[in-house]
Amino acid sequence: MNLRRIVALSKDPQVQQLAQKYGREVFGADNLDDALDIVQTVNPDLMLFDHRFGPRHIREFRDKADNNSIDVPIVVVGGDDNNIDLSTEFIQTGAYDYLKSRQDYARLEQIINRIKIKSKRPPPHSYHPEGCSHSEQSTSHFFAEDLAGSVSMVGCSKAILNTLKMIKLVAASRCNPILVLGET
């Protein structure tokens, strides 16, 4: 069972691989400020914290996130080199759960199931190959999620939905300038 977006705050390749195993879109960050910027931009379903960032880092991240009205579940990923069990301290500072070592990584699927049940998020809009519905009562199927107000383009093909999502992602980034290629 996969989540849509996961942010991994770690330099450890195993944490990145774990995120890729359970997330369709994975974003990596090396420090708290980068992680907060990414979380604000992509609104992830889950955040994986490397255990090398201590409980005070979770508290600091939570404080900054609360100031920006961000609520994302945090799972701390421990390593085999971590001899100290800080699970209680991590949970008390705002972590959703704690994976103690690599042998515990299989529990992430159960954690993701709990997060999905708890979040009750509506499913993302999907592509309908039979064509667009022309119902005048609901226009939400013409837009990719919450992009309707920010982009004056409509469409329901997979290509246009991907384009609209890319516009949102690039607009929130620090990329400057941007070269757009393709047919008009």
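T93 has a relative accessibility of 9%, and because buried means under 20%, T93 counts as buried. Keep in mind that what you are looking at is a predicted model. T93 sits in the loop between α4 (87–92) and β5. What does T93 touch, leaving aside its neighbours within four places in sequence? The residues in contact with T93 are P55, I58, R59 and R62.

Now for another loop residue. N43 belongs to the loop between α2 (32–42) and β3. With a relative accessible area of 45%, N43 is partly exposed. Look at its backbone as well: N43 has a positive phi of about 50°, although N43 is not a glycine.

Let's step back and see the whole protein. How many helices and strands are there in the protein? There are six helices and five strands. If you follow the chain from the N terminus, the elements come in the order β-α-β-α-β-α-β-α-β-α-α. The protein has 184 residues, and 39% of them count as buried. Take the contacts between residues at least 6 apart in sequence: 49% of these join residues at least 24 apart.

Next, find the sheet. Strands of a sheet pair through backbone hydrogen bonds, and they can do so in a parallel or an antiparallel way. Here, five strands make an open sheet with parallel pairing, and their order is β2-β1-β3-β4-β5. Which strands are at the edges of the sheet? They are β2 (23–29) and β5 (97–99), each of which pairs on one side only. From one strand to the next, the twist averages 25°.

Let's look at one of these pairings. Strand β1 (residues 3–9) pairs with β2 in the parallel sense, over six bridges. Within this region, I6 stands opposite V26 in β2. Why is β1 described as largely enclosed by the rest of the structure? Seven of the seven residues of β1 are buried, so the strand is largely enclosed.

A helix packs on this sheet. Helix α1 touches β1, β2, β3, β4 (74–77) and β5, and the direction of α1 makes about 155° with that of β2. Before you look at its side chains, here is a handy rule. An α-helix has 3.6 residues a turn, so residues three or four places apart point the same way. Now find the buried residues of α1 (residues 13–22), which are V15, L18, A19 and Y22. These residues cover an arc of only 100° around the axis, so they lie on the same side of α1. And what does the face turned away from the buried side of α1 carry? There you will find the exposed residues P13, Q17, Q20 and K21. The start of α1 is worth a glance too: a side-chain oxygen of D12 comes to within 3.0 Å of the backbone nitrogen of Q14.

Our next stop is the aromatic rings. A pair of such rings is described by the distance of the centres and the angle of the planes. The count of aromatic pairs here comes to three. One of the pairs is F49 with F61: the ring centres are 5.8 Å apart and the planes are at 70°, so this pair is edge-to-face. F49 lies in strand β3 (residues 46–50) and F61 in helix α3 (residues 55–67), so the pair ties together parts that are twelve residues apart in sequence. Another pair, F90 and Y98, is stacked, with 5.3 Å from centre to centre and 20° between the planes. Both F90 and Y98 are buried. Ring pairs also link F49, F53 and F61 into a cluster.

E109 is found in helix α5 (residues 108–119), and at 34% relative accessibility E109 counts as partly exposed.

How values were computed: Residues numbered from 1 in each chain as written. Predicted model: local features only at pLDDT ≥ 70, side-chain atom pairs only at ≥ 80, totals over all residues. Heavy atoms only, no water. Buried < 20%, exposed > 50% of the residue type's maximum accessible area, 1.4 Å probe, protein only. Helix = DSSP H or I, 4+ residues; strand = E, 2+ residues; numbered from the N terminus. Arc of directions from axis to C-beta. Polar contact = N/O pair within 3.5 Å; in protein donor to acceptor, adjacent residues only side chain to side chain. Phe/Tyr/Trp six-rings, centres within 6.5 Å; stacked < 30°, edge-to-face > 60°. Pairing = 2+ DSSP bridges. Axes fitted to C-alpha atoms, helices over the stretch in contact; angles between N-to-C directions. Contact = heavy atoms within 4.5 Å.
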